[in-house]
Amino acid sequence: LYYQPIFTRSLKRAARVLTPSESVRKQVIEAFGVPPGTVVATPLAADAAFLSAQFDAKSQQIIAKFGVRRPYLLAVSTLEPRKNLLLLLQAYDLLRKGTNLPPQLVIIGKPGWQNVQQTEWAKRWRESNDIIFTGYVEQHDLPHLYAGAEVFLFPSLYEGFGLPLIEAMASGAPVMASDIPVHREVCGDAALFAHPKNPAEWKAGILKILENLPMKREMIQKGRERVKQFSWKKTAELTLNVYGMDRVNGEN
């Protein structure tokens, strides 16, 4: 009730609106009637630590302190409904029933709002250590966890950009993501996409990556190439250009 009118009024008053993706740019224009020339996409990027990530002896020590063992599947997100983690738990349940020794499912992130349902669901397997909720992980540990993952999973229903996608690809993890426009924009052809409400499709996709080593290697290579299109230098230049546009147009 507070946010909606304030946000709408701010959009209409703003000289420029910056969005983290072209997908959100289009949504702002269509949903709020903001003039297209006012809205500029300034995509995000991965920190240099992810670009040089490799799984090594130090990585092994880091994952061990979280109770993680290889092989494992990885998800990184705040624990809230928008992140669609309940679907991931359902897909993992299907995978577990059809596989004798499934990889662990490791979920990194701090609790958000209304995360009770997925937490209750996960309690079924806590004793067997099949599912690991690490909570918040420090930034310097994240590249190691990405680098050791068999598959990085990102089932969000909505994202403004999806920074973990870039971090995972930069770290050499094959990516499977929900099939929504912003994920297509960020990942291009470097990821495997699945419907965000179909657990069976996610199970099949995970198995496809796990069982097809040439495909997995190709996804990793495509991911490393894809992240080269994103850099914080480019983000800074695009942001600086916005101020230049205002000076040209005589705006303050």
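Glu-159 is buried, as is Lys-83, where buried stands for under 20% relative accessible area, exposed for over 50% and partly exposed for the range in between (1.4 Å probe, protein chains only). The model is a predicted one, in which local features need pLDDT of at least 70 and side-chain atom pairs count only at pLDDT 80 or more, while totals for chains, interfaces and linings use all residues. Residues are numbered from 1 along each chain as its sequence is written, and side-chain values use heavy atoms, with hydrogens and water left out.

These two residues form a salt bridge, their closest N and O atoms being 2.6 Å apart; the term requires a side-chain nitrogen of Lys or Arg within 4 Å of a carboxyl oxygen of Asp or Glu. Glu-159 and Lys-83 also belong to one network with Glu-80 and Arg-82, joined by salt bridges that share partners. The whole structure holds 14 salt bridges. Among them is the pair Glu-150 and Lys-216, at 2.5 Å from N to O. Glu-150 is buried, with a relative accessible area of 17%, and Lys-216 is likewise buried, at 13%. Arg-184 and Asp-179 make another salt bridge, at 2.8 Å; here Arg-184 is partly exposed at 42% relative accessibility, and Asp-179 is partly exposed at 36%.
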